[in-house]
Structure formats: C-alpha cells, structure tokens
Amino acid sequence: MMALIPVIRGAGGSATNWEGDAPGDCGRLLAVGDPALVPVVLDILKDTKPKLDRAP
C-alpha cells in the first residue's frame, strides 16, 4: 500500500490512516481521490471503528 501513496497524492488525492494522521504500518489506509472527502470518510469510520475492532 505504501508504494501507492505518492501516486495517489500525485494525482491530487489524499492518503491518511483512519485517524487522519500520516499513514504508517497500522494496516488501516484511507485513500481518496478528492481530499475534501477525508473529513467525511473519517466521520463515517469513527462511527464504524468499534464494530470493526470487535470483528473476528
């Protein structure tokens, strides 16, 4: 995943982790083509994350 981040950003997109921080090795990458979507998707993930953390 990390190798694609420069491509995503070079195309005008954005890549963060699920907390909105710089992506790393946490395994949770948020990649969007429109950076304006980041706060919208982070809000959705914030509401979903506890359910996903409990998944087997």
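Predicted model: local features only at pLDDT ≥ 70, side-chain atom pairs only at ≥ 80, totals over all residues.

Mentor: A residue is called buried under 20% relative accessible area, exposed over 50% and partly exposed in between (1.4 Å probe, protein chains only). Ile 44 has 52% relative accessibility and therefore counts as exposed. Residues are numbered from 1 along each chain as its sequence is written, and side-chain values use heavy atoms, without hydrogens and water.

Ile 44 lies in helix 2, which spans residues 38-53. Together with Leu 37 and Val 40, Ile 44 forms a nonpolar surface patch of about 260 Å² accessible area. Such a patch joins nonpolar side chains within 5 Å, from residues with over 30% relative accessible area and no salt bridge (a Lys or Arg side-chain nitrogen within 4 Å of an Asp or Glu carboxyl oxygen).

As for the whole, the protein chain contains two helices and two strands (DSSP runs of H or I, at least four residues, and of E, at least two), arranged along the sequence as α-β-β-α. Of its 56 residues, 21% are buried. The chain exposes about 3900 Å², and carbon and sulfur atoms supply 61% of that area (Shrake-Rupley method, 1.4 Å probe).

The mean pLDDT of the chain is 88, and 86% of the residues score at least 70.

Definitions and conventions. Patch = residues over 30% accessible without salt bridge, like charges linked within 9 Å, V, L, I, M, F, W, Y side chains within 5 Å. pLDDT = per-residue confidence, 0-100.
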